[in-house]
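Hello,

I am passing a structure on to you, with some notes on what turned up in it. Please have a look at it before you read on.

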Amino acid sequence: MPKDFRLIAVYLPAHLFLDWVSYIHELPPLNVTPWNPPAGLAMGMLIAFGPRMAPLVWLALTAGDVLIRGLTVDLWATLVSNAVIAGCYGLAAWIMRSRFGLRPGLERLRDIALLMAGSGIAAAAAGTGYISVFMWIGLFPASEFLPALLRYWVGDVIGIMVLTPVILLLRQRHWSLRLPWPGGVEAAAQGLAIGLALWVVFGPLASSRYEYFYLLFLPVVWVASRHGLTGAALAALVCQVGLIIAIQSVGTETAIMTHFQFLMLALTVTALLLGAVVTERRRAEAWVRERQEEFAHASRLTEAGEMTAALAHEINQPLAATMSYARAARKIARRDGVSSQLAEILDKTIAQAERADRVMRSLRDFVRKGERRTEAVVVARLVADSLILAGPGVRQHGVAIVTDIAGGLPPVAGDPVQLQQVLLNLVRNAAEAMIGSPGGERLITLSAGRGEPGFVEIAVRDTGPGFSELVERNLFIPFVTTKATGMGLGLSIARSIVETHGGALAGYRLPEGGTIFRFTLPIATSHDDRHAR
């Protein structure tokens, strides 16, 4: 309700002001004017907010008749005729949106064409009903029906075509008044060109037939071709306002107003169609550029994958030799009875070498074949193994790690080696994010619990400074990094691993500072449980 009250508080004064400004060259007793901007305001509100605005439109029309135009007929006739107008426009707005898919943001050429066609039909229906009420009560002769309907129709259609796109585009925030210096100069030149064209049409060089009106098309086409639909809508509005001011200034006869109405309608339709074509083409070009960038990223990732597979193969050779030497050293140490401490170090060396071998084999298979080994993985074990590996590097940065693992969590389905890589990447990123942060506690919290039905959620949270909004929007884009020595592939690879496991990975800034990364993993099935580790 408060939102509805705000709409009423804004719409009613705006409608009355526009009605007062445009109440010129009226056709009594219908009070039809050459340009009817309240119709454009009404159509914009009905398209934007739906049929619930129809009673407000009816109220505004009635208030305008009482306060601005003067109530020259019976009140019931005014109420009925305004109900016909509000009903016709409300029905037209609903049909255009619900049945024909008109987008309030006017994002396509189809939307502009639909707005023109729907408004033309609605204005004809509303005008027919409106004039018929006055004919029925005997205030208007039937012989004047078609000329009056023509003036009504053109005035309402111009009002809709000029004002409705401006209202819808402003509501969608499709333009900005902030222009760079060259853009500001160009906008000023375009405004000056419109003013100059109006001066030629109505100034000392003008004739009684106003045959120089076509000069107004030149600056309008210039604006539409440079700024698309936004510029076209604004240029049409400026031309209409300038035209009304010029007509009032030179005292143009009422008899010639229909001539100007059709000229202005042609100018507005030309501007909007051209602007819509330019906007749609630019949107298509932007889409093509985005796809090209995605293809470029995909190509670079393919090259990185091939390089990774080659490196994994090459590293496997010295790694196998390292394991062989370490095992031989352990046998010699046990045979010669050396210290137990040396034997323990050799055991750890062999364990880490074997783990590195598993990582390389898993990575090579994943990159080359897209294959992964799926088994049931105990979450607590996964976290513990990952922290054993990440612990030494994290602690050397003065960062503490705490865990919060919910009890009774079911195993998750996945490749334990790849899942360890995801956790390692997130924990190391969190630790590096807190390096050099001024004061405060350096703490990483690693938690796990139930997520959505059928999933377990694991989260890594830090108390660092967080990242900017720009970084947050580009977190998972390959080759985008804030690290001086980073490649920008860690988070992208981590997300790819999680998604191939059937889960999702996301990162957020926290209001109190720091960041949190959450990822989900599907719960293992009974088949996977047979291989739990």
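Below are notes on the salt bridges and on one surface patch. Please keep in mind that this is a predicted model.

Let me begin with the charged pairs. Side chains of opposite charge can pair when their charged atoms come close. The count here comes to six salt bridges, and I will take you through some of them.

Within helix α9 (residues 257-336), Glu285 and Arg281 sit four residues apart, about one turn of the helix. They form a salt bridge whose closest N and O atoms are 3.3 Å apart. Arg281 is exposed, at 59% relative accessible area, while Glu285 is partly exposed, at 35%.

Asp385 is buried, with a relative accessible area of 17%, and Arg381 is partly exposed, with 42%.

Glu457 and Arg518 also meet through their side chains, in a salt bridge of 3.6 Å, N to O. Glu457 belongs to strand β5 (residues 455-462) and Arg518 to strand β7 (residues 515-522), so this pair ties together parts that are 61 residues apart in sequence. Glu457 is partly exposed at 28% relative accessible area, and Arg518 is partly exposed at 33%.

Now to the patch. Leu196, Trp199, Leu205, Tyr212 and Tyr214 make up a nonpolar patch on the surface, with about 560 Å² of accessible area together. Tyr214 is found in the loop between α7 (181-202) and α8 (217-250).

Enjoy exploring it!

Best wishes

Key:
Residues are numbered from 1 along each chain as its sequence is written. This is a predicted model: local features need pLDDT of at least 70, side-chain atom pairs count only at pLDDT 80 or more; totals for chains, interfaces and linings use all residues. Side-chain values use heavy atoms; hydrogens and water are left out. Patches are made of residues with over 30% relative accessible area and no salt bridge: like charges are joined within 9 Å, nonpolar side chains (Val, Leu, Ile, Met, Phe, Trp, Tyr) within 5 Å. Accessible areas come from the Shrake-Rupley method with a 1.4 Å probe; for residues, only the protein chains shown count as cover. A salt bridge is a side-chain nitrogen of Lys or Arg within 4 Å of a carboxyl oxygen of Asp or Glu. Helices (H or I, at least four residues) and strands (E, at least two) are DSSP runs, numbered from the N terminus. Buried means under 20% relative accessible area, exposed over 50%, partly exposed in between (1.4 Å probe, protein chains only).
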